[in-house]
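This report walks through one protein chain, from the whole down to single residues. Keep the structure in view while reading.

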Amino acid sequence: MIVIVRAFKPGDETGCTKLIRDSVMSSLGATFCGMLFKEVTFQLMILLSAIMFIFFGMPLTICLLVVPVVVVLMYVGTYVSFAAKLTEINEEVANIPRLYMSNAFSRFWVAEAFEPHLMTRHPKEVHYTIMTEEQFHQANISVSSQAKKIVGTVALCKSYRSDRSAWIKRLCVHEQYQRKGIASCLLNITVQFAIDAGYSCANIVASEYTEEGRELCLKKGFELKQIYHKSILEVGMFPPTYIEGFHDPEAVKSMKYKELGKTGLLVSKLSFGSGPLGCHYGTYDEADAIKAVREAIRQGINYIDTAPWYGQGRSEATLGKALKGIPRAAYYLATKVGRYELDYDNMFDFTVEKTRKSFKKSLELLGVDYVDVIQVHDIEFAPSLDVIVTQTLPELSKYVAEGKARHIGVTGYPVSVLKECVEKSNINIASVLSYSRLTLIDDTLLEYVPFFKKHKIGLINAATPCMGLLTNNGPPSWHPASDETKKQCANAAQYCKEHDVELGKLAIWHSMQYTDIDTNLVGIQNTKQLQMNLDVMRNGITEKEKALLQEIQETFLSTVKNQHWEGKEIRAYREATKKNI
């Protein structure tokens, strides 16, 4: 038996109306009893009896008739209010297409159960597999011979008080299908939609007489608030990595999150790149770097990327020290295999044996039992893509099966190679990491976004300051860009210095404006850089800085002819290794 959670479609009105009406009326008795036994109700009965006895001299037996009269009046009042709700429901359901399905900020979902026409067992005794419509289509399951029935609903709409706040409404599940995870799935889909729509928080009214629903919301990270004597449950879009007591809740609420492809990982818009914790970007204060990692996670950055190549293990070792003591559930961790030493002869190795040894060492240095994403590093340097597809990726899939990794990704500079790898591989590739290809001087990645989105592959946009090229300090000496490109970028940096603006800040902000990107991976070496990046993510840049950005784009960066260095590093590598043969 299966239950499919999908968007509302014309024809669902009858099922939705009956389910919501039954759900509302099912709480009539509990609401009446709850109101009846409130202290204020007893006080009212005593007050009316005393007035009749003292001021009107009525016999005590007559005065006591106040009790059943108040009970009857309360029931009638409660029933009338519920009847008014039913009228409202009829009108709302009839207008679902207009109210919830006509814009990008509202939605209505239903949970539809598929069962044999002649059910021999009660639904409470049956196990149901709950899936989204997309998962249902991928599973290629036939339900044409089965009866269908709407057993759950939920809706989300914009709050009239704030454009960044949403209301979750009409969350209900048929009584016979409760405690099967349907309500939980409906809430998950609703909250994810709210996040994708850009809402900062979502609210749901929880009756004091529906304890189970309230408990479910609290488990999902909602906070209970009292407004006008009503229980309001509010979720500030906390991601699954939020840990009460460790994170700064206000900072986490201000961070934006998005699912990485179809992985289920809700990653922060700004992620922590630990390339600078190696040896390629100069020396650094390890204590300050460790502090930056810990503070980044506390502030809501939940995706951290590293690799053995970064300092030949130093980056992973520093991260291991920083992550010690932090709950493992508070962050997503990604590392890589394939690129290792500084000398050309030992720089790349994509074989099964080396991959196995490298991954084992990475886990030891990081001090963890598993990573969330294991990536093949710079796949364009492999002897051929077939090595990646037939050796490296199958080996990584074993780690996923063993629970040592959750997802597999590939990284590289030529985006076309990343696309080709996805097309050739039989192994599920969950994410691609593209670096320096969506920046102020190069937007090649945009050409390939539709392909990756079509295949629901997570997009990680790394090195938005172009590995130091687009910063006031300039790139390291090994940077592969042409001299002409370096010169123009240096001129832009000098212009920024003269106006007391950091070019790297403008570069990061620019790349963050592309909404199809799941996360922007920025290298961070110290707490000062962390705070600047967090400020850009939360507050953007000033009008003055926007004007300056436009000036440097028109004056300096638009004249850059060699916008990328694709093929240059590969040629150097091939020539060097050929000479040593």
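## Buried and exposed

A residue is called buried when its relative accessible area is under 20%, exposed when that area is over 50%, and partly exposed in between. Asn 461 has a relative accessibility of 1%, so this residue counts as buried. The model shown here is a predicted one.

Asn 461 is part of strand 17, which covers residues 458-462. Setting aside residues up to four places away in sequence, Asn 461 touches Ser 434, Leu 438, Leu 445, Ser 511, Ile 517, Thr 519, Asn 520 and Leu 521.

## The chain as a whole

The protein chain contains 21 helices and 18 strands. Its C-alpha trace spans about 110 × 60 × 45 Å along the principal axes. Of the 581 residues of the protein chain, 50% count as buried. The accessible surface of the chain is about 27,700 Å², and carbon and sulfur atoms account for 54% of that surface.

Contacts between residues at least 6 apart in sequence can also be sorted by how far apart the partners are along the chain: 75% of them join residues at least 24 apart.

## Helix 17

Helix 17 runs over residues 483-498 and has 16 residues. From its first C-alpha to its last, helix 17 reaches 22 Å, close to the 22 Å expected at 1.5 Å a residue. Which residues of helix 17 are buried? They are Thr 485, Gln 488, Cys 489, Ala 492, Ala 493 and Cys 496. Seen down the axis of helix 17, these buried residues fall within an arc of 140°, so they line one face of the helix. An α-helix has 3.6 residues a turn, so residues three or four places apart point the same way.

The face of helix 17 turned away from the buried side carries the exposed residues Asp 483, Lys 487 and Glu 498. The cover over the buried residues of helix 17 includes helix 18 (503-511) and helix 20 (543-555). Just after helix 17 comes Asp 500, which takes a positive phi of about 55°.

Tyr 495 is in helix 17. With a relative accessibility of 22%, Tyr 495 counts as partly exposed, because that class begins where the buried cut-off of 20% ends. Leaving aside neighbours within four places in sequence, Tyr 495 is in contact with Leu 548, Glu 551, Ile 552 and Phe 556. Tyr 495 and Phe 556 are 61 residues apart in sequence, and their C-alpha atoms are 9.5 Å apart in space.

Lys 505 is found in helix 18. Is Lys 505 buried or exposed? Lys 505 is buried, because its relative accessible area is 15% and the cut-off is 20%. Apart from neighbours within four places in sequence, its contacts are Met 532, Asp 535, Val 536, Gly 540, Ile 541 and Glu 545.

## Helix 11

Helix 11 covers residues 286-298. Its 13 residues should span 18 Å at 1.5 Å a residue, and the end C-alpha atoms are 18 Å apart, which agrees. The buried residues of helix 11 are Ala 289, Ile 290, Ala 292, Val 293, Ala 296 and Ile 297. These residues cover an arc of only 155° around the axis, so they are on the same side of helix 11.

The face of helix 11 turned away from the buried side carries the exposed residues Ala 287 and Lys 291. Among the elements that cover the buried residues of helix 11 are strand 11 (270-273), strand 12 (303-305), helix 12 (314-323) and helix 19 (527-539).

Helix 8 (residues 182-196) is mostly covered, with 11 of its 15 residues buried. The buried residues include Ile 182, Cys 185, Leu 187, Phe 193 and Ile 195. The 15 residues of helix 8 should span 21 Å, and its end C-alpha atoms are 21 Å apart, which agrees. Gly 198 follows helix 8 and has a positive phi, near 90°.

Leu 396 lies in helix 14 (residues 385-401). At 0% relative accessibility, Leu 396 counts as buried. Not counting residues up to four places away in sequence, Leu 396 touches Val 337, Thr 355, Ile 374, Gln 375, Val 376 and Ile 408.

Terms used
Residues are numbered from 1 along each chain as its sequence is written. This is a predicted model: local features need pLDDT of at least 70, side-chain atom pairs count only at pLDDT 80 or more; totals for chains, interfaces and linings use all residues. Side-chain values use heavy atoms; hydrogens and water are left out. Helices (H or I, at least four residues) and strands (E, at least two) are DSSP runs, numbered from the N terminus. The expected span of a helix is 1.5 Å times one less than its number of residues. Buried means under 20% relative accessible area, exposed over 50%, partly exposed in between (1.4 Å probe, protein chains only). The arc is that of the directions from the helix axis to the C-beta atoms. Contact means heavy atoms within 4.5 Å. Accessible areas come from the Shrake-Rupley method with a 1.4 Å probe; for residues, only the protein chains shown count as cover.
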